[in-house]
Amino acid sequence: ASGDSFFDVFGGSGVGSAPAAAAAASSGPLPTPVATETLYKFLFKDNGVLFDNDYLQIGVKAEYRNNLGRVGIFFGNKTQSALTHFRSDVQLPGSLGSQLRIQAKPIGNTLEAGAQTQQLLNIECMEEFSDIPLLDFQFSFNGAPQRVTLQLPIFINKFFMPTEMTSQDFFARWKQLNGQEKQSVFSAKFPLTAPLRKRNFPGLGRLC
């Protein structure tokens, strides 16, 4: 099977693969190292490759509207053998259990050689959150158990909603922050025009 099978799903617009990392058996869901740059690129994009190793390529394709989201997770078997006892669970660490509601549709327990399967997540944002959900999946390759736990790129900015108001109303609300404002000023390397923002940061919620 081709290692770039997800590009058919993403229309050739993946963010690039994470560094290869061997899946390893584990007694607990410890997050597998994934390049921070790869994870946080999803702040600005909704689709892309999240993880890539000798066994699997995992991609994400998401859409959001108001406080609801739908995320498709694509598992691609890169080997010449079936991956058996396949299982995928979403975990909500810390206080995420009361901040996010995620319903994960079940997937089959066998992923044939060269095949791809999709797991759909329906998400409801209940309140502000800062932690990151975990994707914990397990499988057997030629009888050897494997386990990988990844951080899912589900961030609070995906659920931002626009609000229209007059300049007078805006500044009245701004003044009500009572010292909560935090400001940082820096010089941009190039002009950040509206068309450029929309082209480069299509998944940045409603900020663009």
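Predicted model: local features only at pLDDT ≥ 70, side-chain atom pairs only at ≥ 80, totals over all residues.

Reader: How many cavities of 30 Å³ or more does the structure hold?

Author: One. The largest cavity has about 50 Å³ of space in it.

Reader: Which residues line the largest cavity?

Author: The lining is made of Phe42, Lys45, Asp46, Val60, Ala62, Tyr64, Val71, Pro153, Ile154 and Lys158.

Reader: And by class, what is in that lining?

Author: Seven nonpolar and three charged residues, with no polar ones.

Reader: OK, on to the sheets. What's the strand order in the open sheet of five strands?

Author: The order is β1-β2-β3-β6-β5, and the pairing is antiparallel.

Reader: Which strands stand at the edges there?

Author: β1 (47-52) and β5 (100-104). Each has a single partner strand, so one side of each is left without a neighbour in the sheet. From one strand to the next, the twist averages 25°.

Reader: Is β1 largely enclosed or left open by the rest of the structure?

Author: Largely enclosed, because five of its six residues are buried.

Reader: How many bridges pair β1 with β2?

Author: Five, in the antiparallel sense. The two strands form a hairpin, with three residues between them.

Reader: What's the bridge partner of Asp52 in β2?

Author: Gln57. There's also a side-chain link: the side chain of Gln57 makes a polar contact with the side chain of Asp52, at 3.4 Å.

Reader: Is Gln57 buried or exposed?

Author: Buried: Gln57 has 1% relative accessibility, and the cut-off for buried is under 20%.

Reader: Moving across the sheet, how many bridges join β2 to β3?

Author: Ten, between residues 56-65 of β2 and residues 68-77 of β3, and these strands run antiparallel. As an example, Lys61 stands opposite Gly72 in β3.

Reader: How many bridges do β3 and β6 pair over?

Author: Nine, again in the antiparallel sense, with β6 covering residues 116-125.

Reader: And how many bridges join β5 to β6?

Author: Five, and those two run antiparallel as well. One of the pairs is Leu100 with its bridge partner Cys125 in β6.

Reader: Let's switch to the other sheet. What's the order of the three strands that form it?

Author: β4-β7-β8, an open sheet with antiparallel pairing.

Reader: Which are the edge strands in that one?

Author: β4 (83-91) and β8 (144-151), each of which pairs on one side only. The twist in this sheet averages 15° from one strand to the next.

Reader: How many bridges do β4 and β7 pair over?

Author: Seven, in the antiparallel sense, and β7 spans residues 134-141. Among the pairs, Arg87 has Gln138 in β7 as its bridge partner.

Reader: Last one: which strand gives the most to the lining of the largest cavity, again?

Author: β2, with three residues. β2 is also the strand that holds Gln57, and it pairs with β1 over five bridges and is joined to β3 by ten.

Notes
Residues numbered from 1 in each chain as written. Heavy atoms only, no water. Pairing = 2+ DSSP bridges. Helix = DSSP H or I, 4+ residues; strand = E, 2+ residues; numbered from the N terminus. Axes fitted to C-alpha atoms, helices over the stretch in contact; angles between N-to-C directions. Buried < 20%, exposed > 50% of the residue type's maximum accessible area, 1.4 Å probe, protein only. 1 Å grid on protein atoms, 1.4 Å probe; cavity = no way out; pocket = protein on both sides within 12 Å on 5 of 7 lines; lining within 4 Å. Points joined across faces, edges and corners; volume = space filled by probe spheres on them. Nonpolar A, V, L, I, M, F, W, Y, C, P; charged D, E, K, R; others polar. Polar contact = N/O pair within 3.5 Å; in protein donor to acceptor, adjacent residues only side chain to side chain.
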